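Please read this briefing with the sequence and the structure side by side. The points below are grouped by topic, and each group can be followed in the display on its own.

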Amino acid sequence: MDPRIPPIVTDLAAFVPVLSDSMSIRELPDCTVPPLSLNGICDIQKSPYERAVALVEGLTLEEKYNNTIFYLSSVDTLNLPSFNLWNEGLHGVATSLGVNFSDHGDYSFATSFPMPILTAAAFDDELVHSISEVIGTELRAYSNAGRAGLDIWAPNVNPFRDPRWGRGPETAGEDVFRVSQYAAAFISGLQGPPDAPIKKAIATCKHAAANDLEDTPNNITRFSFDAKISIQDLADYYLRPFETCARDAGAGSLMCAYNSVNGVPQCADTWMQQVLIRDYWKWNKTTHYITSDCFAIDVIQAAAGHNWTRSGEETLTKAMRAGTDTECGFLYRQFFPSALKQDPSLESNIDVALTRVYASLVSVGFFDPPESHPYRQIGFDAVNTPETQNLARKAATSGMTLLKNLDGTLPLQVSSEKELSVALVGDWANATLQLVGGYAGPAPYYVSPLQALSNETGVKLIPILSLDQQDVLEAAKASDVVIYVGGIDQNVEAEQNDRRTLAWNETQADLIKSISGLSKTFILVQTGGGQLDDSAWLDNDGVSAILWVGYPGQEGGNAIADVLFGRVAPAGRLPVTQYPASYVSFPQTIMALRPDPETGNPGQTYQWYTGEPVLPFGYGLHYTSFNVSAEPFQNFDISAVVKKCHERGHEYLDQCPLGTININVENTGKVKSDYVTLVFASGGYGPAPHPNKNLIGYQRLYDIEPGQSQVAQVQVKLAQLARFDNDGNRILYPGTYQVSVDTDGEMAPLEFILTGEQAILETWPKYDRSAPL
């Protein structure tokens with residue numbers, strides 16, 4: 001069996017008509033016409049819960065279980081149209097069963113922004129919010145035409161723990177604080193203000209939890225993997241972004257993952273879904289629902305999956321009673337008739353699940369009159385506007401990260417007296433579809449590097465669109481500058497496809513090495529979401545500059561040209577560590593973050609890695625220079641801090657601010673530039689071993705003119721200073737906290753002391769199974 005395909009126990013052939021129907025253009029509900037108008041779902045004076053209950057009460061048992069999957073079938077007796085929950089929108093409205101793109105003209109495209117890993121490198125939450133606002137708007141345009149639902153199965157908040165993970169480019173990087181902040185900004189932009197009576201769309205945080213491998217060399221796949229994780233690491237790392245999604249940001253939906261955690265498949269994990277998420281984090285609004293990943297219910301039972309249950313009826317019962325309300329798949333629909341015969345009380349579980357799903361649709365105004373809220377007025381003229389095009393270009397340039405710039409090679413200077421001859425080479429030289437990466441839809445256009453550089457005034461472009469070494473070297477010798485655009489793409493890193501190596505492939509490496517021996521100005525524009533080991537090129541003076549550009553989206557070529565020619569000064573920071581190629585010597589199935597010589601684990605993420613990174617998390621150069629200094633930060637007594645937090649009414653102590661660190665950033669160079677202020681803390685507080693450091697705050701400053709200064713005001717919450725014990729409790733410890741700015745530990749050094757007794761900020765709910773220490 002193909003390891004890329006989930007092992008399925010349902011009769012998929014029986015549901016081919018459902019699949020076909022799910023992709024069609026759908027009518028919108030009309031609450032002015034009976035019989036639907038006579039149902040309480042149309043009573044806008046009632047709460048979403050009351051309206052949903054009224055609808056569910058009006059369904060027959062068969063109509064109920066037919067609608068427990070991603071495709072909510074039409075109900076003729078109520079004149080209720082069908083609806084599809086499966087809509088992708090990770091970085092733009094994307095191809096999925098719920099989104100119907102036309103072949104040409106209107107509704108044939110949507111704005112395609114950079115993949116999240118590049119956007120995350122901008123460390124700009126306002127940018128993330130703006131992007132997701134556009135995604136929500138364009139989704140509404142499609143939904144109002146019956147071409148999409150109102151749920152977006154994004155963001156992906158699994159941290160990019162292991163650089164081999166094929167889906168890492170979908171995420172905001174390896175740091176859970178950065179991932180959490182990205183998620184919060186994305187959710188607020190997509191859904192709209194938390195107190196708004198109508199949401200613009202429904203965000204779905206995925207995949208809970210520990211879903212960070214696709215396939216391994218020893219044939220372990222995400223469908224069969226049982227992640228062995230300590231309670232400490234669960235609380236501290238793997239689940240923290242979901243805490244932000246559920247408890248703090250109010251995501252409308254969550255998705256459970258394929259894998260198991262400590263012996264329990266995630267879509268049948270009662271402790272995860274009920275005890276932790278719904279009870280402890282209080283994610284219990286009647287509009288909140290949990291969906292499975294596609295065919296994740298099947299893999300609970302399948303022999304090639306977890307082999308955890310013995311029948312479809314048992315599988316269904318365990319998943320639904322754990323809290324998985326709806327399924328991307330067909331097992332619920334196939335096995336509910338027989339399961340109900342065995343246990344009629346399951347109907348009450350169906351009622352709860354359907355009420356949550358339909359209440360969520362009420363929360364986005366799906367059943368309301370078109371004139372009742374502005375979102376129903378959005379049409380296709382809101383898609384791919386000049387403003388969204390500019391935002392796509394800004395997003396791409398904002399995340400691009402300068403990794404090397406020998407003797408100020410960049411930005412390139414073009415003389416008015418003499419053309420600059422540029423040889424453009426590499427596997428991405430004329431990239432189009434490669435620019436947008438995975439989970440993308442058709443873009444309105446794709447600006448390749450070739451197209452963008454062809455439009456540069458004063459540049460004579462010599463493109464070589466193959467990797468033939470003789471052709472490339474001949475063009476390079478005849479040029480003033482050589483630009484190689486390439487690296488990895490979705491053929492190497494993607495869903496169902498983990499990497500086996502962090503090294504450049506042999507063809508690329510040989511060609512880059514040959515070009516570097518020509519004594520030319522040679523710029524390497526590195527593509528892809530996961531990092532490659534650049535050691536050889538960083539140490540090679542024949543490589544003049546390296547610019548990482550990720551998957552830059554529809555405006556990718558223009559954005560690359562903007563940075564290379566200095567219209568935009570780069571200020572991105574690596575949201576991941578660039579590891580040496582030797583890092584892959586230990587199994588990626590080891591989930592423990594802390595180093596362990598017995599397993600060969602060198603420590604995972606920048607917080608625990610004991611080796612020497614090629615480039616550290618947060619690294620990024622500029623076209624100018626900066627002088628950075630921090631104002632003194634006071635010492636605090638822990639008991640006084642906690643008391644003040646209670647007095648301020650903070651329900652969750654970890655979200656209480658300790659204070660604000662003010663950092664003065666002066667542009668001492670000659671180029672206007674943004675600057676990302678990264679603030680790290682380290683020290684011997686809390687139990688050993690201690691992390692190398694951790695990110696406690698960041699702020700992007702914009703357009704700092706030469707000779708001018710700006711002040712970053714970085715708020716530090718207790719959550720960023722606390723550590724977790726073996727039981728998952730979040731504790732604020734006394735000790736000396738050493739603060740540094742940027743990746744240079746000597747830049748703007750600062751320290752403060754927390755005195756007194758340790759304080760438990762959060763007591764983790766008792767875990768219901770054994771877990772490794």
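Strand S13 (residues 481-487) and strand S14 (residues 521-527) run parallel to each other and are joined over 7 bridges, with Gly487 standing opposite Thr527 of S14. The model is a predicted one, and every value given here has been computed from it.

- Strand S14 is mostly covered, since 6 of its 7 residues are buried.
- Besides its pairing with S13, S14 also pairs with strand S15 in the parallel sense, here over 5 bridges, and in this pairing Gln526 is found opposite Trp548 of S15.
- Strand S15 (residues 545-550) pairs in turn with S10, but in the antiparallel sense and over 4 bridges, where Asn405 is set opposite Ala545 of S15.
- Strand S10 (residues 401-405) is largely enclosed by the rest of the structure, because 5 of its 5 residues are buried.

**An open sheet with mixed pairing**

- Another topic is an open sheet of 5 strands, which follow one another in the order S17-S25-S24-S19-S20 and show mixed pairing.
- The edges of this sheet are formed by strand S17 (636-637) and strand S20 (694-704), each of which pairs on one side only.

**Helix packing**

- Two packed helices are described in general by the distance between their axes and by the angle at which those axes stand to each other.
- For helix H5 (residues 125-144) and helix H14 (residues 386-399), the axes come within 11 Å and cross at roughly 145°, and the crossing in which H5 passes H14 is left-handed.
- On the H5 side this contact is made by Leu127, Ser130, Ile131, Val134 and Glu138, while on the H14 side Thr388, Leu391, Ala395 and Ser398 take part.
- Sorted by class, the residues in the contact of H5 with H14 are 5 nonpolar, 3 polar and 1 charged.
- In helix H2, the residues Arg51, Ala52, Ala54, Leu55 and Val56 are buried, and what covers the buried residues of H2 includes helix H3 (61-66) and helix H13 (346-363).

**Backbone features to look at with care**

- Most peptide bonds are trans, and most residues other than glycine have a negative phi, which is the background against which the following points can be read.
- The peptide bond that leads from Pro34 to Pro35 is cis, with omega near 10°, and Pro35 belongs to the loop between helix H1 (16-22) and helix H2 (48-57).
- Ala154 and Pro155 are likewise joined by a cis peptide bond, for which omega is about 10°, and Pro155 is found in the loop between strand S3 (151-152) and helix H6 (176-191).
- Tyr107, a residue other than glycine, has a positive phi near 65°, and this residue is placed in the loop between strand S2 (83-84) and helix H4 (116-120).
- With a relative accessible area of 15%, Tyr107 is buried, because a residue counts as buried when this value is under 20%.
- Thr605 also has a positive phi, of about 70°, although it is not a glycine, and its place is in the loop between helix H19 (556-564) and strand S16 (626-630).
- The relative accessibility of Thr605 is 0%, so this residue counts as buried.

**An exposed histidine in a loop**

- His104 lies in the loop between S2 and H4, and because its relative accessibility is 67%, the residue counts as exposed.
- Computed along the sequence His104 and Tyr71 are 33 residues apart, and in space their C-alpha atoms are 26 Å apart.

Notes. Residues numbered from 1 in each chain as written. Predicted model: local features only at pLDDT ≥ 70, side-chain atom pairs only at ≥ 80, totals over all residues. Heavy atoms only, no water. Buried < 20%, exposed > 50% of the residue type's maximum accessible area, 1.4 Å probe, protein only. Helix = DSSP H or I, 4+ residues; strand = E, 2+ residues; numbered from the N terminus. Pairing = 2+ DSSP bridges. Axes fitted to C-alpha atoms, helices over the stretch in contact; angles between N-to-C directions. Left-handed = near helix turned anticlockwise from the far one by under 90°. Contact = heavy atoms within 4.5 Å. Nonpolar A, V, L, I, M, F, W, Y, C, P; charged D, E, K, R; others polar.
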